Amino acid sequence: LVAYSREVATLLDLSVETCESDEFLEVFVGNRILPGMSPYATCYGGHQFGNWAGQLGDGRAITLGELCLADGSVRELQLKGAGQTPYSRFADGRAVLRSSLREYLCSEAMHALGVPTTRALSLLATGEGVVRDMFYDGNPMAEPGAIVCRVAPSFVRFGNFEIHAAMDEFDRLRELADFVIRHEYPQYWRGDDSPDYAAWFGEICERTAVMISHWMRVGFVHGVMNTDNMSILGLTIDYGPYGWVENFDPDWTPNTTDAAGRRYAFGQQPQIALWNLVQFANALVPLFPDTKPLQACIDAYT
């Protein structure tokens with residue numbers, strides 16, 4: 001156990017004794033499944049750097065399950081870096097301490113700054129070496145492995161919808177939309193199998209706008225605003241090569257792979273979020289007999 005967030009532990013009704021126990025360590029490093037847990041990884045697609053990348057998915061993220069809290073709310077517990085999933089492609093599904101520590105710290109820092117974000121419960125070292133090319137200079141080396149347990153009401157992304165639309169799985173698309181509305185946006189579930197898709201999408205646009213305004217307020221740069229890294233709850237998700245502007249520079253990016261195009265630079269973020277919402281809207285078109293409500297929501301974001 002490297003660290004755990006007492007704030008998040010309290011939110012989840014976990015005591016200090018529980019968090020510092022051997023059982024906690026075994027569960028949140030991925031070596032033990034408790035009764036009721038049903039781990040899974042999800043499939044999604046995405047537009048990466050402006051291009052459709054096809055099927056992606058939780059390559060190194062494994063959801064343990066959902067925890068029902070005393071106030072009736074639900075939190076999903078997800079391990080990042082616990083190993084391969086069906087969507088790891090050619091990767092090992094692992095994470096290094098360096099990047100895991102950054103995600104753990106930034107999740108909690110962003111929450112403290114008032115920015116909508118996923119949270120982090122724990123940071124654990126695995127004791128295994130994970131080979132990574134830290135400086136992208138062709139000299140990979142073993143680094144300490146680690147696992148973060150991140151927490152959110154839901155980890156569903158724009159890309160979860162895009163993959164079904166791209167594969168013409170319109171029944172699955174509707175099923176996913178209805179699931180998300182019933183569980184995350186119940187105010188738009190009318191109980192007669194005719195959810196208010198327009199109002200639901202409109203709120204997602206609004207939440208996204210609020211999230212982006214907070215990023216700009218604190219000088220945060222996400223670095224990888226692909227559609228598969230956009231939350232349907234308007235939460236900051238997937239802390240990869242993020243950073244904060246030191247001196248005001250709209251063209252600054254922490255992502256070395258984006259250094260040439262600077263698509264995801266600080267000043268681009270409001271416009272990129274709009275572009276991502278348009279791709280999400282395109283995926284939702286099969287749910288709408290008329291696209292005017294979708295356009296109205298996009299206009300409201302602007």
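Contact here means heavy atoms within 4.5 Å. This is a predicted model, where local features need pLDDT of at least 70, side-chain atom pairs count only at pLDDT 80 or more, and totals for chains, interfaces and linings use all residues. Residues are numbered from 1 along each chain as its sequence is written, and side-chain values use heavy atoms, with hydrogens and water left out.

**Exercise 1.** Find the surroundings of V151.

*Solution.* Start with strand β7 (residues 141–152), which holds V151; strands (E, at least two residues) and helices (H or I, at least four) are DSSP runs, numbered from the N terminus. Finally, set aside neighbours within four places in sequence, and V151 touches V8, L12, R75, E76, L77, T118, R119 and L121.

**Exercise 2.** Is α5 largely enclosed or open, and why?

*Solution.* Eight of the nine residues of α5 are buried, so the rest of the structure largely encloses this helix. Among these buried residues are F158, F161 and H164. Their packing partners are β2 (45–48), β3 (51–55), α6, α7 and α8. Just after α5, look for D168, with a positive phi of about 55°.

**Exercise 3.** Trace the contacts of F161.

How values were computed
Buried < 20%, exposed > 50% of the residue type's maximum accessible area, 1.4 Å probe, protein only.
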